[in-house]
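Biologist: Hi, could you walk me through this model? I'd like to go through it bit by bit.
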Amino acid sequence: MLKVENLYKSFAAAGSRHGSGTALSVLRGVDLEVAQGEVVSILGPSGAGKSTLLRCINFLERAEKGTILLEDYSVDVRSASKQDILYMRRHTAMVFQSYNLFQNRTALENVMEGLLIRKLPPKEAADKSRYFLDKVGMLEKADEYPARLSGGQQQRVGIARALALNPSIILLDEPTSALDPELAGEVLKVIRDMVQARMTMLIVTHEIDFGREISDRVYLLDDGGMVESNTTDEFFNNPQKERTIRFLERYTQSFTQRHK
Ligand SMILES: Nc1ncnc2c1ncn2[C@@H]1O[C@H](COP(=O)(O)OP(=O)(O)OP(=O)(O)O)[C@@H](O)[C@H]1O
Ligand SMILES: [Mg+2]
């Protein structure tokens, strides 16, 4: 279970240095919850703060204020210790839009990396990595370097790397948005398999239809604040907020059709 409470994050505005000048407030008191085995989507326009939110949860960015609870481990971000940060990083895994694979390592070595850091014996790390590469249909390419893999294949390696870490939750940031529809399809299939396996997932996606298909619940984030959170069914069929209706009208024509 992941629970985020009252999370605040700002960045120094462009041109302001050394803390002078105004700050850009990106997350303004965000609350969010993902139960064990639940799949939750975050939707929202570009610049809403979706990536920043995921990055703050896994401490790639440091939020200024708020609490993050993972399982029964609670961290007040203001006073987070090294140990707290390590805990959050160890128990969450991120899948990035741009894959973020090491270019000078093979697919297998990319998956193994995190396991070796955790002091798994190399043989065990390799076996486990092969197991997860197989899960995402990439075992045959285990010894290839990322440059020789398609975007969809690289992203599947990225997913295998996340799965191998056995995280409490997987955070996916637009995992298919860099891909052609055809290659996106093979990644979406892998994510569907993860849903079937009841992985706990928090996914930022522009693919509204896909989010709708796989999610138990949906959040709409806009301008650093949660506009609406609801079960997927309610969110799409009975949106409560004007902002949500506008968002859905803009992104899903079928929705507009149904409400004419
Ligand atoms: N490292 C940074 N330094 C300064 N500003 C940043 C930084 N990262 C993000 N921002 C700003 O924070 C805001 C939110 O960015 P974020 O990447 O979280 O949006 P997003 O919802 O993921 O958008 P998109 O859908 O385009 O990916 C934007 O205005 C962005 O310019
Ligand atoms: Mg983003």
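Biologist: Thanks! Where is the place of Leu139?
Modeller: Leu139 is in the loop between α4 (122-135) and α5 (151-164). Helices here are DSSP runs of H or I with at least four residues, strands are runs of E with at least two, and both are numbered from the N terminus. Before we go on: this is a predicted model, where local features need pLDDT of at least 70, side-chain atom pairs count only at pLDDT 80 or more, and totals for chains, interfaces and linings use all residues. Residues are numbered from 1 along each chain as its sequence is written, chains are lettered from A and ligands numbered from 1 in the order in which they are written, and side-chain values use heavy atoms, with hydrogens and water left out.

Biologist: Got it. Which residues is Leu139 in contact with, leaving aside its neighbours within four places in sequence?
Modeller: Those are Arg130, Leu133 and Asp134, where contact means heavy atoms within 4.5 Å. The C-alpha atoms of Leu139 and Leu108 are separated by 8.4 Å, and these two residues are 31 apart along the chain. Leu139 counts as partly exposed, at 35% relative accessibility. Buried means under 20% relative accessible area, exposed means over 50%, and partly exposed is in between (1.4 Å probe, protein chains only).

Biologist: Okay, switching to the ligand. Which residues are the closest to ligand 1?
Modeller: Ser46, Gly47, Lys50, Ser51 and Thr52 are the closest of the 13 residues that surround ligand 1; a residue counts as near if one of its heavy atoms lies within 4 Å. α1 (50-57) and β2 (23-34) each supply at least two residues of that shell, and α1 gives the most, with three.

Biologist: What lies 2.7 Å from an oxygen atom of ligand 1?
Modeller: That is a polar side-chain atom of Lys50. From the backbone, an N or O atom of Gly47 lies 2.8 Å from a ligand 1 oxygen, and a polar backbone atom of Gly49 is 3.0 Å from an oxygen of ligand 1. The protein buries 61% of the 640 Å² that ligand 1 exposes when taken alone. Those areas come from the Shrake-Rupley method with a 1.4 Å probe; for residues, only the protein chains shown count as cover.

Biologist: Nice. And Ser215, buried or exposed?
Modeller: Ser215 counts as buried, at 9% relative accessibility. Ser215 is found in the loop between α7 (208-214) and β9 (217-222).

Biologist: What does the side chain of Ser215 make a polar contact with?
Modeller: The side chain of Ser41, at 2.5 Å. A polar contact is a pair of N or O atoms within 3.5 Å; within protein, one must be able to donate a hydrogen and the other to accept it, and residues adjacent in sequence count only if both atoms are side-chain atoms. The backbone oxygen of Gly211 also lies 2.5 Å from a polar atom of the Ser215 side chain.

Biologist: Last topic, rings. How many aromatic pairs are there?
Modeller: The count comes to three, with rings of Phe, Tyr and Trp (its six-membered ring) pairing if their centres lie within 6.5 Å; planes under 30 degrees apart count as stacked, over 60 as edge-to-face and the rest as tilted. Tyr131 and Phe132 are edge-to-face because their ring centres are 4.9 Å apart and their planes are at 90°. Phe235 and Phe236 also form an edge-to-face pair, 5.2 Å centre to centre with 75° between the planes.

Biologist: Is Phe235 buried or exposed?
Modeller: Phe235 is buried, with a relative accessible area of 0%, and Phe236 counts as buried at 1%.
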